[in-house]
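Hi,

Here is the structure I promised to pass on. Have a look at it first, and then read on for what turned up.

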Amino acid sequence: MFEALDRQDRLTVNQKKILAAAIIGDALEFFDYFLIAFVLAFLIGPWKLTFGQSAIVLMSSGIGAIIGAYGWGWLADRIGRRKVFIGTVLNFSIATGLLYFTPDNGWVYLAVMRFFVGLGVGGLYCVDLPLVQEFMPTSKRGWIGGLVTCIIPIGVGLGSILGAFLGAAQWRLLFAIGVLPALVVLLVRLWVPESPRWLARQGRVDEARKSLAWALQVDPGTLPAPTPDEVRVVKTNWFDLFSYPRSLLVSWLGNAGAQTGVYGIALWAPALFVLLLKVTPQEASKMMLLLTVVGFLGRVSFSWLSERIGRRNCGGLLGFGAGVLIILAGYNHDAVLFGISAFWLILAAAMFFADGGFAIVGPYGAEIWPSHLKTSGMGSAYGFGGIGKILGPVGLALIVGSNNYLKPDVPLPQIPTAFLYLGCWFLMAGVVYYFFGIETRGKSNEQIDRELMGTTARPKPAFGED
């Protein structure tokens, strides 16, 4: 049945609707997630925050994302992609809206509510990519999966623009605007049916055929009968993930390296611009726009490259390119190049690889798991990698000195060491992806399933099945 999908040369209007819903959801999701980076730049002075207190605020969402990725990812394999997609959007949208009521000097309230934002963000990221991929032909899966992530920097850029033009006393408005992602729920309800591959694995063949026919915009009766492999009902057991050690190694450690590096940089960058370059929070937000634009160009490039040079090579390029440039930025944090901060320019160049490479990290993290464990596997990888949302911001704070107050007159001689720390996480990701990665370019979901399941025990069938 799914061979009809793989014969496609171009996407239908309905497939583009699926893609649009996921793109909008991701962009607004990360707008919500990274709002704290811009808000923190406004609060470090008036609230007299230390590096330690700020790190707690930044890492709280990371803790939530770890739990959300594991929980929502497993749930999506059990009850379906569509329901979980809607639930995660409501989760982080409502939590962000409640941040509007943060009291003055209420950094503890800020940290607690950011935990719930992370809970939803971690879940959405682990369900929307598999949902999109299961509606797309093999020849376009890498490009389309990367494209979904390409708009994420636009969400961060929206935060940059708003942060640049809001007054210091208006930071709560950023959180009020963060409620907008709830509108995505309406888009999903109107546009996207349940994944046909998930329905087929539940034995709901008629529904699967209707869902696939909707995507292809054909009569369900014209689709060929599904093969036994396409409709085999397999009971999802989370612990079956450990039957695929190579998938665990690559997706878990690759995610951990990439997330530690990029979240350490992205969450601290506005505050570091204020501290190191002696600029205002509004100017720091404007400086983030360059990093956002370069990150967007990087994601587009990596999406295209994934179908040209393969996922493994792209993963290596992400890790080695970002690692070297991040380390270089740290050792030049006080240098000037052509009258412009070298730290800012090198950091922007690094984001081409560090942020751009996430067009590979997410989609690839879903591809290297068998179909019945796709969102559980991706959720586990993103959840394990979520330690990076803690190790990144907290690691930098500990190296610089967690008891130091975030003031422009505080000397920060440990900045090169902190950036060496973050750069090494990227280098680890590069080694894992390039030397241990499983190449998935040009392979259908069914082919990947056969290859993965041929290296381990056959999954246990559901009760009552031969």
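Before the helix pairs, one convention: the axes are lines fitted to C-alpha atoms, for helices over the stretch in contact, and angles run from 0 to 180 degrees between N-to-C directions. Please also keep in mind that this is a predicted model.

With that in hand, take helix 13 (residues 245–277) and helix 17 (residues 358–367), which pack at an angle of about 150° with their axes 10 Å apart. Angles over 145 degrees count as roughly antiparallel, so helix 13 and helix 17 are roughly antiparallel to each other. Their crossing is left-handed. On the helix 13 side, the contact is made by Val250, Asn255, Ala258, Gln259 and Val262, and helix 17 brings Phe358, Val361 and Tyr364. Sorted by class, the residues of this contact come out as six nonpolar and two polar, with no charged ones.

Helix 17 has another partner worth a look. The axes of helix 15 (residues 311–331) and helix 17 come within 11 Å and cross at roughly 140°, and helix 15 and helix 17 are therefore oblique to each other. This crossing, too, is left-handed. Here helix 15 contributes Arg311, Arg312, Cys314, Gly315 and Leu318, while Ile360, Val361, Tyr364 and Glu367 come from helix 17. The classes for the contact of helix 15 with helix 17 are five nonpolar, one polar and three charged residues.

Is Pro270 buried or exposed? At 1% relative accessibility, Pro270 counts as buried. Leaving aside residues up to four places away in sequence, Pro270 touches Ala37, Phe38, Ala41, Ala284 and Met288. Its C-alpha atom is also 8.1 Å from that of Met287, which is 17 residues away along the chain.

Thr96 is part of helix 4 (residues 81–98) and is buried, with a relative accessible area of 1%. Which residue pairs up with Thr96 across 83 residues of sequence? That is Val179, with 6.3 Å between the two C-alpha atoms.

Asn105 lies in the loop between helix 4 and helix 5 (107–133), and its phi is near 60°, a positive value in a residue other than glycine. Phe338 is found in the loop between strand 1 (336–337) and strand 2 (340–341). Phe338 is not a glycine either, yet it has a positive phi of about 55°. At 77% relative accessibility, Phe338 counts as exposed.

Finally, the overall picture. The chain has 21 helices and two strands. Buried residues make up 62% of its 466 residues. Of the contacts between residues at least 6 apart in sequence, 84% join residues at least 24 apart. The chain exposes about 16,800 Å², and carbon and sulfur atoms supply 67% of that area.

Cheers

How values were computed:
Residues numbered from 1 in each chain as written. Predicted model: local features only at pLDDT ≥ 70, side-chain atom pairs only at ≥ 80, totals over all residues. Heavy atoms only, no water. Helix = DSSP H or I, 4+ residues; strand = E, 2+ residues; numbered from the N terminus. Buried < 20%, exposed > 50% of the residue type's maximum accessible area, 1.4 Å probe, protein only. Contact = heavy atoms within 4.5 Å. Areas by Shrake-Rupley, 256 points an atom, 1.4 Å probe, with all protein chains shown as cover. Parallel < 35°, antiparallel > 145°, perpendicular 65-115°, else oblique. Left-handed = near helix turned anticlockwise from the far one by under 90°. Nonpolar A, V, L, I, M, F, W, Y, C, P; charged D, E, K, R; others polar.
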